[in-house]
Amino acid sequence: MSKMNAVGWFDIYVNELDRAVRFYETVLNCKLEPIGDPTGETQMMSFPADMSAYGAGGALSKSAHASPGAGGTVVYFSAEDCAVEEARVDAAGGEVLRPKFSIGEFGWVSLCRDTEGNVFGISSMN
């Protein structure tokens with residue numbers, strides 16, 4: 001099995017999506033593009049990314065499941081099957097916030113909280 005990068009995707013949660021898009025486009029001198037959310041629950045604007053290149057892609061996200069501020073940025077760790085890592089969360093002192101769920105053609109995600117109160121995700125194609 002080949003090794004994968006630790007970080008596969010990130011979301012920066014926002015309250016005002018248009019304001020946040022303007023800010024990041026200005027600061028980073030880039031154009032964010034709308035992307036669909038397969039769950040239909042989140043509005044997303046993607047940072048420029050080549051998912052076949054080294055590094056992580058990410059988006060600004062407006063969702064009822066998270067908010068901006070302390071803990072408002074979620075890092076998604078890559079896995080073969082996110083249910084495997086998810087199964088270790090409670091025993092390690094964390095909490096599973098949203099068990100493995102489909103994100104359509106983009107695979108599967110588990111949302112969890114670590115022992116410090118940070119929300120993080122685990123993503124996989126299986």
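The legends below describe several views of a predicted model of one protein chain.

**Figure 1. The whole chain and its elements.**
The secondary structure of this predicted model comprises 2 helices and 8 strands. Read from the N terminus, the elements follow the order β-α-β-β-β-β-α-β-β-β. The C-alpha trace spans about 40 × 30 × 25 Å along its principal axes. How does the radius of gyration of the chain compare with that of a compact globule? A compact globule of 126 residues would have a radius of gyration near 14 Å, and the chain has 15 Å, which agrees. Of the 126 residues in the chain, 35% are buried. Among contacts between residues at least 6 apart in sequence, 53% join residues at least 24 apart.

**Figure 2. The largest pocket and its lining.**
The largest pocket has a volume of about 940 Å³. Its lining is made up of 36 residues. Which residues lie nearest the centre of the pocket? They are Gly-8, Trp-9, Ile-103, Phe-106 and Ser-123. Sorted by class, the lining holds 19 nonpolar, 13 polar and 4 charged residues. Rolling a probe the size of a water molecule over the atoms shows where empty space is left.

At least two lining residues of the largest pocket come from each of the strands E1 (7-13), E3 (42-46), E4 (57-63), E5 (73-78), E6 (95-102), E7 (108-113) and E8 (119-124). Which element gives the largest share of the lining? The largest share comes from E1, with 5 residues.

Strand E4 is mostly covered, with 6 of its 7 residues buried. E1 and E4 run parallel and are joined by 5 bridges. Within this pairing, Tyr-13 has Ser-61 of E4 as its bridge partner. E3 also pairs with E4, in the antiparallel sense, over 5 bridges. Here the bridge partner of Met-45 is Leu-60 in E4. In a regular strand the side chains alternate between the two faces of the sheet.

**Figure 3. The hairpin of E6 and E7.**
E6 and E7 pair over 5 bridges in the antiparallel sense. Arg-98 has Leu-111 in E7 as its bridge partner. How many residues lie between the two strands of this hairpin? There are 5 residues between them, and Gly-104 in this hairpin takes a positive phi near 65°.

**Figure 4. The hairpin of E7 and E8.**
E7 pairs with E8 in the antiparallel sense over 6 bridges. Ser-110 stands opposite Ile-122, a residue of E8. The two strands form a hairpin with 5 residues between them. In the turn, Gly-117 has a positive phi of about 95°.

Met-4 is located in the segment before E1. Is Met-4 buried, partly exposed or exposed? Its relative accessible area is 37%, so Met-4 is partly exposed. Leaving out residues up to four places away in sequence, Met-4 touches Ser-78, Ala-79 and Glu-80. Met-4 and Ala-79 are 75 residues apart in sequence, and their C-alpha atoms are 8.0 Å apart in space.

Asn-29 is placed in the loop between helix H1 (17-28) and strand E2 (33-35). What is the phi value of Asn-29? Phi is near 50°, a positive value in a residue other than glycine. Asn-29 counts as exposed because its relative accessibility is 71%, and the cut-off for exposed is over 50%.

**Figure 5. Thr-73, in strand E5.**
Thr-73 belongs to strand E5. With a relative accessible area of 45%, Thr-73 is partly exposed. Which residues does Thr-73 contact, apart from its neighbours within four places in sequence? They are Asp-11, Ile-12 and Val-119. Thr-73 and Val-27 are 46 residues apart along the chain, and their C-alpha atoms are separated by 18 Å.

Notes
Residues are numbered from 1 along each chain as its sequence is written. This is a predicted model: local features need pLDDT of at least 70, side-chain atom pairs count only at pLDDT 80 or more; totals for chains, interfaces and linings use all residues. Side-chain values use heavy atoms; hydrogens and water are left out. On a 1 Å grid over the protein atoms alone, a cavity is a set of points where a 1.4 Å probe fits but cannot get out, and a pocket is an open set with protein on both sides within 12 Å along at least five of seven lines; lining residues have an atom within 4 Å of a point. Grid points are joined across faces, edges and corners, and a volume is the space filled by probe spheres set on the points. Helices (H or I, at least four residues) and strands (E, at least two) are DSSP runs, numbered from the N terminus. Ala, Val, Leu, Ile, Met, Phe, Trp, Tyr, Cys and Pro count as nonpolar, Asp, Glu, Lys and Arg as charged, and the others, Gly among them, as polar. Buried means under 20% relative accessible area, exposed over 50%, partly exposed in between (1.4 Å probe, protein chains only). Two strands pair if DSSP finds at least two bridges between them. The radius of gyration is taken over C-alpha atoms; the globule rule is 2.2 Å times the number of residues to the power 0.38. Contact means heavy atoms within 4.5 Å.
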